[in-house]
Amino acid sequence: MHRARWRCGRICGVSLFDDLQQRGLIHDSTDVDELRTLLDGDAITFYVGFDPTAASLHVGHLVQVLTARRLQQAGHRPLLLVGGATGLIGDPKETGERTLNDPEVVAGWVERIRHQLAPFVTYDGDNGAVLVNNLDWTGQMSAVEFLRDVGKHFPVNRMLAREVVRARLESGISFTEFSYQLLQANDFYELHRRHGCVLQFGGSDQWGNITAGIDYIRRRGGGPVHGFTTPLVTKADGTKFGKTEGGSVWLDPEMTSPYAFYQFWINTADADVVRYLRYFSFRDRDEIAELEKATVERPAARAAQRALAEELTTLVHGETECRQVVAASQALFGRGALEELEPKTLRSALSEAGLIQVRGELPPVTVLLRDTGLVSSLSEARRTIADGGAYLNNHRVTDGDTPPAEDALLHGRWLVLRRGKRNVAGVELVR
């Protein structure tokens, strides 16, 4: 994995603030000059929060996770908040009221997400990270205390001016979600009081919550504190980032396999890949410029996509898993030994390519080619074989009317079929 080389708030001669700005990671800021002073000066304590609205973080959260990593590498101390309290409420969405999850479910998700966040930061030294849970202070507060000590500092007219609240006024918004801003603002106050936190950042959709927290701390005699947001990650074609046909791309390997995670990044469009390298990669500006040049001059090589996919798969799933998925990605298309792949990785790769199950005896290869969808008919299968374009486990098929031999099964269970260079599918024999 490429490692950034920070020293005294600088990377390769560039200050932390300038590095974030050049990467496009600063969207809004309460005070740009003050933010530069904070980031490039002595060590500070900052926080970023994650609500447990699912059992895992997804790739959209990586901007915040990796920005926290950048700040810590520059010498600042991260507080990573997982919202055991705010996760019970839910930040309002423009599309409608959230479904409230049971407290036991949310508590389980809190622990899973804390475990996911842990490898991205370090815990030793003066700037060692601290994982915090806002249920520790919110859960001890009575309704009367919340209304008296927190609520009295929030003018309703300003709360109504928040964009997401305005969007929900006609369709309706519950007091529960309307109050979310107060809970997050109180988090900043408590972290400022307990840990000396002076900076909060989050996604651009959190700007209203962040500024509410800053104002609340000021009203209670604290501060000064500051905030900034990172941009919303988008795709050039207008579709939503972090989504595939199968749904969200999760960081949990049980919810999105490492192979599928790698394929998500390797399939990044040329129009997006350089911007994603700036957001997500720890490569420096010169390295990214070289990859941008390669994308323009040799787009078919997909050098930038491979660099992005390998770096992020290593960051999230580790070097060993990354080597396996890279080997699988190559082997499926005839550039490696299928027999050397671990069963879990092979099955994940075939599931992404398209996997059918066969029970009992294996049918002839022509039937398998048709049933996997690599060809539309048996006659097309025979023509493909005759033309030399059909492969079984990367070996050219010459006899399509004979079932594959038992010893052809990889790990006694799987077959890899390929039509031409790019069309791959898998067969799993279920006994």
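In strand β7, V130 is the bridge partner of L79. Helices (H or I, at least four residues) and strands (E, at least two) are DSSP runs, numbered from the N terminus. Two strands pair if DSSP finds at least two bridges between them. β6 (residues 77-82) and β7 run parallel, joined by four bridges.

The model is predicted: local features need pLDDT of at least 70, side-chain atom pairs count only at pLDDT 80 or more, and totals for chains, interfaces and linings use all residues. Residues are numbered from 1 along each chain as its sequence is written, and side-chain values use heavy atoms, with hydrogens and water left out.

An open sheet of six strands includes β6 and β7. Its order is β4-β9-β8-β5-β6-β7, and the pairing is mixed. β4 (28-29) and β7 (130-133) stand at the edges. Each has a single partner strand, so one side of each is left without a neighbour in the sheet.

A further set of pairings involves β15. Strand β15 spans residues 414-419. β15 pairs with β13 (residues 390-392) in the antiparallel sense, over three bridges. Here L392 stands opposite L417 of β15. β15 also pairs with β16 (residues 423-430), again in the antiparallel sense, over six bridges. W414 stands opposite E428 in β16. β15 and β16 form a hairpin, with three residues between them. In the turn, G420 has a positive phi of about 70 degrees.

Backbone geometry was examined next. Most residues other than glycine have a negative phi, and most peptide bonds are trans. The peptide bond from G223 to P224 is cis, with omega near 0 degrees. P224 lies in the loop between α11 (207-219) and β9 (226-230). β9 is one of the six strands of the open sheet.

Positive phi values also occur in residues other than glycine. Phi of R302 is near 50 degrees. R302 lies in the loop between α14 (285-297) and α15 (303-317). The residue is partly exposed, with a relative accessible area of 27%. For N394, phi is near 70 degrees, a positive value. N394 lies in the loop between β13 and β14 (395-396). β13 is the strand that pairs with β15 over three bridges.

Methods. Buried < 20%, exposed > 50% of the residue type's maximum accessible area, 1.4 Å probe, protein only.
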